[in-house]
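Here's a walk through one protein model, piece by piece. Keep the picture handy while you read.

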Amino acid sequence: MNLVTKSAIDFTVPAVLSDGEIVNDFCLSERIKNKYAVLFFYPLDFTFVCPTELISFSNKIEDFSKRGVEVIGVSVDSKFSHCKWRKTPVNDGGIGEVSYTLVSDIKKSISRDYGVLYDDSIALRATFVIDDKFVVRHQSINDLPLGRNIDEFIRIVDAIKHNEEHGEVCPAGWKKGYAAAIYAARANLEPIVVMGMQPGGQLTITTDVENYPGFVSIQGPELMEQMRLHAEQVGAKIIDDEIKSVEQLEDSNKYRFRSSGNINDYYSDAIIIASGAQAKWLGLKSEKEFQGYGVSACATCDGAFFRNKVVAVVGGGNTAVEEAIFLTRFAKEVILIHRRDKLRAEKVMQDRLFKNDKIKVMWNHTVEQILGEENPKKVTGIIVKSTEAQELEVDGVFIAIGHAPNTGIFKGFVEMDQQGYIITKPGTTLTSKAGVFAAGDVQDKVYRQAVVAAGTGCMAALDAEKFLEVSKVFK
Ligand SMILES: Cc1cc2nc3c(=O)[nH]c(=O)nc-3n(C[C@H](O)[C@H](O)[C@H](O)COP(=O)(O)OP(=O)(O)OC[C@H]3O[C@@H](n4cnc5c(N)ncnc54)[C@H](O)[C@@H]3O)c2cc1C
């Protein structure tokens with residue numbers, strides 16, 4: 001996105017500036033002229049949700065300004081509550097002093113033009129890095145806390161500037177996969193790990209992980225942070241970018257592949273695709289709210305947390321039936337909720353399901369809402385609907401309506417099966433294209449576990465190392 005072509009450059013809005021002054025004609029383009037800028041969007045209730053985020057943020061402002069970067073917070077909060085909170089001392093429960101420009105986007109024009117406006121009232125958390133020519137060089141729109149990722153954005157600015165000066169040339173480019181990166185880095189392959197839209201992957205949306213060897217119990221995001229640190233420690237280069245296309249280069253004397261991202265092009269002689277998969281969700285707001293607190297998409301991962309409890313499984317295919325049967329090992333009752341009057345699962349699976357006394361099937365029902373409470377945060381029930389709505393008391397909900405691999409950009413590049421999973425040669429991570437390897441959930445629709453993803457990541461790095469040696473590309 002080039003701001004020059006957008007009305008965004010002409011944003012003129014009322015704003016509260018860093019010194020508390022309120023100006024009525026804040027012009028974004030004037031403010032960021034000839035400079036790099038980082039634009040942060042906050043949700044309306046931001047300060048109430050997490051004031052500490054803003055404190056950690058304000059501590060980092062100096063690091064941005066050393067790089068000549070203007071930092072601007074954009075809020076859709078027309079009541080200037082940020083300003084109020086800003087003036088409340090930390091001791092009194094406020095957020096203390098912050099020193100960055102806050103633009104109050106009353107007309108929502110900025111949020112709308114940047115595509116971060118959510119249900120017309122609040123803006124999603126998002127960050128945009130804009131270069132000195134008004135070109136957006138990085139964008140990240142998600143629901144993650146921004147304040148805790150400030151170092152991340154400093155790194156992004158550094159990476160963009162570095163690449164502008166030196167060009168991005170690396171001996172080996174790799175997709176995400178910390179395990180692959182650790183092995184590759186230790187083999188001196190100088191791997192690049194491109195993080196994509198969900199840095200850290202699926203485990204960042206869960207809470208307790210109790211089946212990753214070496215950790216009796218660890219929070220998903222913490223496990224991924226440790227893997228990231230480990231990969232960096234041994235020399236992997238972690239880059240925040242999202243690959244949009246991959247191609248094999250004609251003149252392979254130099255580099256074999258080019259992976260083009262939002263920020264940069266990455267040249268390499270081997271690629272490990274570890275872009276994972278995503279569980280399909282129902283899309284309910286309450287489902288997202290209780291993810292990791294009773295709502296799950298993985299019975300193998302979370303089933304053991306529901307000993308002697310009542311759980312619901314949503315779906316009607318093989319996955320749902322398998323998950324329901326598996327959950328009867330722990331739960332005292334499993335309610336399978338299916339929106340049709342017959343299952344899509346294989347006959348043999350259905351027979352096993354119907355013979356299981358612990359499983360009750362609710363036909364022709366859809367889940368409308370997940371109910372729960374705070375302190376401790378947990379699921380307490382669901383509202384299901386057939387002809388009319390009814391409330392069921394359950395302790396957990398497993399959404400089992402399928403998975404989708406993140407392989408859209410690799411169509412035509414490597415062979416895939418009908419569901420879009422990358423096909424690898426059995427017992428290896430070799431794909432249909434020499435020099436391209438696949439690891440983790442992107443090629444695994446059976447096990448789908450973190451330790452398996454890490455294991456295949458290791459295999460991919462070793463396979464790639466051997467490939468580079470044999471093809472004499474690795475110098
Ligand atoms: C709710 C939930 C709970 C789970 N709990 C457990 C558990 O307790 N134990 C367990 O073993 N497993 C668990 N799993 C499964 C586990 O998370 C996965 O098996 C594992 O994360 C797979 O790792 P992966 O690296 O292959 O893919 P992912 O974790 O899916 O990571 C894929 C990565 O690729 C990146 N990416 C995608 N596209 C691009 C692109 N175009 N450019 C650049 N990067 C890209 C993404 O940003 C992401 O970082 C759980 C899964 C879910 C959904």
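## Before we start

This is a predicted model, so keep the confidence limits in mind: local features need pLDDT of at least 70, side-chain atom pairs count only at pLDDT 80 or more, and totals for chains, interfaces and linings use all residues. Residues are numbered from 1 along each chain, following the sequence as written.

Helices (H or I, at least four residues) and strands (E, at least two) are DSSP runs, numbered from the N terminus.

## Around the ligand

Let's start with the ligand. There are 39 residues surrounding it, and the closest are G196, G201, G276, C301 and G440. To be near, a residue needs its C-beta atom, placed from the backbone, within 6 Å of the molecule.

Two elements give two or more residues to this shell: strand 19 (277–279) and helix 13 (450–470). Helix 13 has the largest share, with three residues. Sorted by class, the shell holds 20 nonpolar, 14 polar and five charged residues. Here Ala, Val, Leu, Ile, Met, Phe, Trp, Tyr, Cys and Pro count as nonpolar, Asp, Glu, Lys and Arg as charged, and the others, Gly among them, as polar.

Next up is an open sheet with strand order 24-25-26 and antiparallel pairing. Strands pair if DSSP finds at least two bridges between them. Why do strand 24 (366–373) and strand 26 (389–393) stand at the edges? Each has a single partner strand, so one side of each is left without a neighbour in the sheet.

Strand 24 pairs with strand 25 (residues 378–385) over seven bridges. As an example, Q369 has I383 in strand 25 as its bridge partner.

## Two helices side by side

Helix 11 (residues 318–327) packs against helix 12 (residues 347–355) at an angle of about 35°, with the axes 10 Å apart. Those axes are lines fitted to C-alpha atoms over the stretch in contact, and angles run from 0 to 180 degrees between N-to-C directions.

Who does the touching? Helix 11 brings N318, V321, E322, A324 and I325, while helix 12 brings M349, Q350, R352 and L353. (Contact puts the C-beta atoms, placed from the backbone, within 7 Å.) By class, that makes five nonpolar, two polar and two charged residues.

## A covered helix

Helix 7 (residues 178–186) has eight of its nine residues buried, meaning 20 or more other C-beta atoms lie within 10 Å of the residue's own, with C-beta atoms placed from the backbone. Among the buried ones are Y178, I182 and Y183. After helix 7 comes N188, with a positive phi near 60°.

Key:
Contact = placed C-beta atoms within 7 Å. Buried ≥ 20, exposed ≤ 12 C-beta atoms within 10 Å, placed from the backbone.
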